[in-house]
Amino acid sequence: MFKFSFCRTLLRVACTVGFLALFGGTAFAQDGGETATQVVGSGSVKIPLLWYIAPACGFVALFMARKYYGEVLDSDEGDDKMILIASYVREGAMAYLFRQYKVVAVVFIVLMAILAWMAYGLHVQHGLVPFAFLTGGFFSGLCGYIGMRTATMAAHRTTAGARKSLNEGLRVAFRAGAVMGMVVVGFAVIDITFWFAALKWLTDMPLHEITVVMLTFGMGASTQALFARVGGGIYTKAADVGADLVGKVEAGIPEDDPRNPASIADNVGDNVGDVAGMGADLYESYAGSILATAALGVAAAHALGNADIAYDAIRLLSVPMVIAGVGILASVWAGINLVKTEDGASMAQLMGAMNKGLIASSFVILLATYGICWALLGDVTGISWAGVASAVVVGLVSGWAIGQFTERYTSYDFEPTKRIAAQGETGPATVIIAGIAEGMKSTWASLFIIIVAIMLSFSFAGGGNEFMLGLYGVGLAAVGMLATLGFTLATDAYGPIADNAGGNAVMTDQEDIVRERTDALDSLGNTTAATGKGFAIGSAALTALALMAAYVEEVRIGQVREAVSYVQTMDDQADQQADAAVGDVYYMGHGKFASKFQAGVKENCFDGYMLLSGRAQDMLDKKLETDGKANVKLTGLSVANRETDHVRITSMSDADGKAHEIQVVSSRKASLQQFMDYYNVTLMNPKVLCGMFAGVLLAFLFCALTMQAVGRAAYAMMLECRNQFKNVAAYLVAEKGMSEADAKNSENWPRVQVEHNGQKIPDYARCVDISTLGAQKEMIFPSLLAIIVPVIVGLVFGVAGVMGLLAGGLTSGFAVAIFMANAGGAWDNAKKYVEKGNFGGKGSEAHKATIVGDTVGDPFKDTSGPSLNILIKLMSMVSVVFAGLVVKFAPAISDMLGIG
């Protein structure tokens, strides 16, 4: 039963949020807007007062991160040996991170130059995009740095805390994890809201263009995240595999033993992979879900077509930002502050402490969401505020459900992992077979949950009446799933901190009670890490789906920019004289038209049109070829009977005098279905199918490359460990006079560093350097592949091919990521189940077999699997950013290749 203080905390947070929602929205609603015939979102519409909760909560998050960081630093550091071991890990982690950032900086400079060329040279992108891209990457990298610095400062303090009590160890580790959670949500919300406010107040950009420009900020975050995840995953698994196969299997040395030269590199890897990598991963998921949903909200307002579109749009845009802000408050005061336990607590009690915080924060967000949606959307015609709020709740529940099923398939408290452990009695082959089978079977749960979540959120938000509202609901489900990120990321970052604390306890020969406490904290960390990976992959699926819909909005803007450039080519006064070229509708080829539809010189005076009557295209293309660009114009455009679809018609005669009806639709006003019709996005289009196969190809090729990278780096690590073990034996023979047989017995090896022939034994720094070099070298090609392939597919197969690519990559990547993460987690915990004394315990044949399974699972769960969820989002982000390039040049390239 919850204590009174817990209920009081819940009530206080819920009342605070409810007050802000009820009295910050409709009561302070701002007048202003525009008619449906205008471009959505001129400067006349004001930001709702409730929106200001979001940036304010972002600063609250950073304040709490600083507070928690101070609490960690004020904790007891332990004895000199604990501090020394921690310094090795911290120095190795920081050295790796700075070397990684140097490589990533070069990639960012090149990409920024390409984006600048697209913006200022080709005019297919907004001029702010290169800078938005840069800020996304910067804040993602900054979050990784702060989180990892905190983690490396906290591990030995957690060990020292465990000397006092289990709760003190939990408190230190969890506060350190909370620093990562708070900086991620804080910087993300601040970056998003400040970009929005700056573009809204300092430019005259319409709302739909603001949201599309802001989407490109997500590409920077995704790019940084992929390098962090892939590089960190290669690093940590090279060290882990080397330490396990050579240390445990060949030399019989326990995990985290000071005699193993790869032990420090292994602990460093936990930080660079599971702290910096996971933080960057969830930062871009969190930011991407908010940005994509904001863009879909503006598109939904346009689709609804109410009298005051801008008023509707600004409110739909504000909902995900305000929910994210409220989620920060709930994560702190109804989540993080409630996590505590008592000495001697069981695994169930420790997990219960975590679950109490998750349930409490989720409950507060659930209540607040209905208040926020009522306040912002209660007076918007055609929208059910309760239905929109329910879409958010679907995401909250789905995230919890994915975590529960992930725990069921990876924890040794349940049968699937126990069955894998039992296979160890017949050798490593059957362990691997069982793990692959359980991993494959486990995908059904996450896939089923995502299917249900998509359909429920689509339906609740009003997708049955207006398709774009349904997609907006799916985006909000992703926001809801990530609304508790401040808390869930704290539980995830806690895992490697507790793992390092256990390693520090072993390497510094702490008392048995301390090791028991750190082992309990470590076991809890294994569970939270596994559920965190499932949570990250699940949120990636919903975010990527929202980004697919947002991609169409970038295509819309790309067509408009192409039209602006074309009209200016036809009349060089169009962007200088207000009345120049007004009313002219030029044919650009490939079924696209350009027009300046009203007086003025800014981009909002121009529009593009798409040809809907395909039979007229051949006639127009021939006319363009024979009469020249300036002479192929549409005149007499009139509104057709389908006025609600914004279709306009005219007619034109071909060279034989035959009349052709021409139906066009405005790029600014076209529906999603009209875009799909124009680009022929159907399963019968070979370009779509080729794109789908390319998406599947990329997912599997990416996995293969990252697995091979781990294999090569681990091979170098294993050779180094074997060589150092030989040096240990030589030292004992030469300096201690031992026989060769005694010198090869690991029980006789020194447990502190010694020097022999000018070399340190064991040489921890050498192993750290091998992992670092391997990760830096191997991470580049797979990461760049994820950026290059969407651009190539787009230029060759056009928008239809990109839609296929995103669909294929999303579906295959999501399933494979779940399979790899769960299989790897199950193999790891099967080994731990044997180490607890089952099936012969440590040193048994079953133990050696499960170590092999764990070694296979390491790159599954910590490199390839988690990296895939970033891959599917980065593909979407790259497609969004390069949409203008694809819109302009893909038709000509297709014609040149004969596949137009």
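Here are legends for a set of close-up views of this predicted model.

**View 1**
Start by tracing the strands across the open sheet: the order is β4-β1-β2-β3-β7-β6-β5, and the pairing is antiparallel. Which strands stand at the edges? They are β4 (633-634) and β5 (638-639), each with a single partner strand, so one side of each has no neighbour in the sheet. Now look for helix α17 (residues 617-627), which lies across β1 (585-589), β2, β3, β6 (647-653) and β7 (659-666). Relative to β1, α17 runs at about 95 degrees.

**View 1. Strand β3 and its two partners.**
Here we zoom in on β3, residues 606-611. With β2 (residues 592-596), β3 pairs in the antiparallel sense over five bridges. Two of the residue pairs to pick out are Ala594 with Gly608 and Ser595 with Asp607. β3 also pairs with β7, again in the antiparallel sense, over three bridges. On that side, Tyr609 has Ser666 of β7 as its bridge partner.

**View 2. The two faces of β3.**
In a regular strand, side chains alternate between the two faces of the sheet. You can follow that along β3: Phe606, Gly608 and Met610 point one way, while Asp607, Tyr609 and Leu611 point the other way. Is β3 mostly covered or mostly uncovered? It's mostly covered, with six of its six residues buried.

Find Asp584 in the loop between α16 (512-570) and β1. Asp584 counts as partly exposed because its relative accessible area is 25%, which falls between the 20% and 50% cut-offs. Leaving aside neighbours within four places in sequence, Asp584 is in contact with Ala594, Ser595, Lys596 and Lys633. Take Ala594: it sits 10 residues away from Asp584 along the chain, and the C-alpha atoms of the two are separated by 8.1 Å. There is also a polar contact of 3.4 Å between the side chains of Asp584 and Tyr586.

Is Gln224 buried or exposed? Its relative accessible area is 5%, and buried means under 20%, so Gln224 is buried. Setting aside neighbours within four places in sequence, its contacts are Tyr101, Val104, Phe108, Gly137, Ser140 and Gly141.

**View 3. Inside the largest nonpolar core.**
This core has 266 residues, and the ones touching the most other members are Phe196, Met219, Tyr286 and Met321. Its largest share, 25 residues, comes from helix α22 (residues 780-835). Zoom in on Tyr286: beyond its neighbours within four places in sequence, Tyr286 is in contact with Val185, Ala188, Val189, Ala324, Ile328, Leu482 and Leu485.

**View 4. Where helices α19 and α23 cross.**
Two packed helices are described by the angle and the distance between their axes. For α19 (residues 686-736) and α23 (residues 845-881), the axes come within 10 Å and cross at roughly 145 degrees. The crossing is right-handed. From α19, the residues that meet α23 include Gly695, Leu698, Phe702 and Val710. Among those on the α23 side are Pro859, Phe860, Leu868 and Met875.

Notes: Residues numbered from 1 in each chain as written. Predicted model: local features only at pLDDT ≥ 70, side-chain atom pairs only at ≥ 80, totals over all residues. Heavy atoms only, no water. Pairing = 2+ DSSP bridges. Helix = DSSP H or I, 4+ residues; strand = E, 2+ residues; numbered from the N terminus. Contact = heavy atoms within 4.5 Å. Axes fitted to C-alpha atoms, helices over the stretch in contact; angles between N-to-C directions. Buried < 20%, exposed > 50% of the residue type's maximum accessible area, 1.4 Å probe, protein only. Core = buried A, V, L, I, M, F, W, Y, C linked by side-chain atoms within 4.5 Å. Polar contact = N/O pair within 3.5 Å; in protein donor to acceptor, adjacent residues only side chain to side chain. Left-handed = near helix turned anticlockwise from the far one by under 90°.
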